[in-house]
Every structure is written in structure tokens, then in C-alpha cells.
Amino acid sequence: MSAAGSNQDVSKPAMIAVALVIALGVGLTVFDGALRTTVTVALGVAIIVCAGFVGAAVKRGKQ
């Protein structure tokens with residue numbers, strides 16, 4: 001795989017993770033109570049999953 005393809009494989013999940021972190025910050029600011037907890041848990045799990053995809057893409061790129 002070329003370096004450009006490898007960078008593209010890493011950048012898409014990384015950009016999604018960044019968008020989720022921004023959404024988490026907005027959610028913590030805007031929402032209150034149980035909705036804030038729900039948003040925090042849902043986006044936190046999604047960020048962890050995206051981080052796993054970024055790590056896997058980096059690992060594939062190093063092979």
C-alpha cells in the first residue's frame with residue numbers, strides 16, 4: 001500500500017474522532033441532567049471505538 005493510501009486510512013477515522021470530541025464538548029455545554037450523561041456515555045464510547053480504528057490503521061500502515 002502506498003503512503004498516500006496509508007495516510008488516508010488513518011486520517012478518516014482520526015477526523016471522525018476529532019468531530020466526536022467537538023460534539024462531546026458541545027453536548028456537555030448545551031445539555032443538562034440525564035441527557036448530558038447519555039450524550040457523554042454515547043460519545044465517549046464512540047470516541048474509544050474510533051481510537052481503536054485509528055490505532056489499527058496506524059498498525060497496518062507500519063507493516
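Visitor: How exposed is arginine 36?
Guide: Arginine 36 counts as partly exposed, because its relative accessibility is 31%. Buried means under 20% relative accessible area, exposed means over 50%, and partly exposed is in between (1.4 Å probe, protein chains only).

Visitor: What kind of model is this, and how are residues numbered?
Guide: It's a predicted model, where local features need pLDDT of at least 70 and side-chain atom pairs count only at pLDDT 80 or more, while totals for chains, interfaces and linings use all residues. Residues are numbered from 1 along each chain as its sequence is written, and side-chain values use heavy atoms, with hydrogens and water left out.

Visitor: OK, back to arginine 36. Where is it found?
Guide: Arginine 36 is in helix H2. Helices here are DSSP runs of H or I with at least four residues, strands are runs of E with at least two, and both are numbered from the N terminus.

Visitor: Which residue does the arginine 36 side chain meet in a salt bridge?
Guide: Aspartate 32, at 4.0 Å from N to O. The term means a side-chain nitrogen of Lys or Arg within 4 Å of a carboxyl oxygen of Asp or Glu. By that rule the count comes to one salt bridge.

Visitor: Why can side chains pair like that?
Guide: Opposite charges can pair when the charged atoms come close.

Visitor: And aspartate 32, is that buried or exposed?
Guide: Aspartate 32 counts as exposed, since its relative accessibility is 63%.

Visitor: What else is arginine 36 in contact with, leaving aside neighbours within four places in sequence?
Guide: Leu28 and Phe31. Contact means heavy atoms within 4.5 Å.

Visitor: Where is phenylalanine 31 found?
Guide: Phenylalanine 31 is in the loop between H1 and helix H2, which covers 34-62. At 31% relative accessibility, phenylalanine 31 counts as partly exposed. It also belongs to a nonpolar surface patch with Val18, Ile22, Val26, Val30 and Leu35, and together they have about 530 Å² of accessible area.

Visitor: What makes a patch?
Guide: Patch residues have over 30% relative accessible area and no salt bridge; like charges are joined within 9 Å, and nonpolar side chains (Val, Leu, Ile, Met, Phe, Trp, Tyr) within 5 Å. The areas come from the Shrake-Rupley method with a 1.4 Å probe, and for residues only the protein chains shown count as cover.

Visitor: Which element gives the most to the nonpolar patch?
Guide: H1 does, with four residues.

Visitor: New topic. How many helices and strands does the protein have?
Guide: Two helices and zero strands.

Visitor: Which residues of H2 are buried?
Guide: Val39, Leu43, Ile47, Cys50, Val54 and Ala57. Two of those, Ile47 and Cys50, are in contact with alanine 17, leaving aside its neighbours within four places in sequence.

Visitor: Where does alanine 17 lie?
Guide: Alanine 17 lies in helix H1, residues 3-30. With a relative accessible area of 14%, alanine 17 is buried.

Visitor: How far apart are alanine 17 and cysteine 50?
Guide: They are 33 residues apart in sequence, and 5.6 Å apart in space from C-alpha to C-alpha. As for threonine 37, which is 20 residues from alanine 17 along the chain, those two C-alpha atoms are separated by 19 Å.

Visitor: And the whole protein, what does its C-alpha trace span?
Guide: About 45 × 15 × 10 Å along the principal axes. Buried residues make up 21% of its 63 residues.
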